[in-house]
Amino acid sequence: MAMVWEQGELFPRANKADVMVTKVLLRKYPKMAGIVNDLKGRSELTAEEAATLKKWNPIIMNIELAIKSITDAEIREIMKYRFVDLYPRKAAVIKWSSFTGRSLDRKILEGTVSVAGTLKLLGII
């Protein structure tokens, strides 16, 4: 009996579609996080509110995990500053003045690709 070996990826790579979905999730993250936090504070929820909380809470937690798991500390800090702490691009360009705006955009793209890979691994996208 012959054995067949298949090569698989331990960490799946994000494709362009995954990166686009991740960009949308990162843009929606602040509003989603605010709603989830508000819903968690309520004592009674309607059926729709409970469904929203059940659906969005894991997404929020996994986006935060994905940002925390970025291996490059500088990129991790930039992603946290832009998407978790909600600072605009202009503030990030000023804070990281050692980079040009385009270099900062490349760092953000690298971070987004990393987040997309983690979210893909976790089955979110």
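Me: Does α2 pass α5 in a left-handed or a right-handed crossing?
Reply: This is a predicted model: local features need pLDDT of at least 70, side-chain atom pairs count only at pLDDT 80 or more, and totals for chains, interfaces and linings use all residues. Residues are numbered from 1 along each chain as its sequence is written, and side-chain values use heavy atoms, without hydrogens or water. A crossing is left-handed if the near helix is turned anticlockwise from the far one by less than a right angle, right-handed if clockwise. For α2 past α5, the crossing is right-handed.

Me: At what angle do α2 and α5 pack?
Reply: Helices are DSSP runs (H or I, at least four residues; strands are E, at least two), numbered from the N terminus. Axes are lines fitted to C-alpha atoms, for helices over the stretch in contact, with angles from 0 to 180 degrees between N-to-C directions. The axes of α2 (residues 47-68) and α5 lie 9 Å apart, at an angle of about 130°.

Me: Which residue forms a salt bridge with Asp18?
Reply: A salt bridge puts a side-chain nitrogen of Lys or Arg within 4 Å of a carboxyl oxygen of Asp or Glu. Here the closest N and O atoms are 2.9 Å apart. Asp18 lies in α1 and its partner in α5, so the pair ties together parts 102 residues apart in sequence. The partner is Lys120.

Me: Is Asp18 buried or exposed?
Reply: Buried means under 20% relative accessible area, exposed over 50%, partly exposed in between (1.4 Å probe, protein chains only). Asp18 has 10% relative accessibility, so Asp18 counts as buried.
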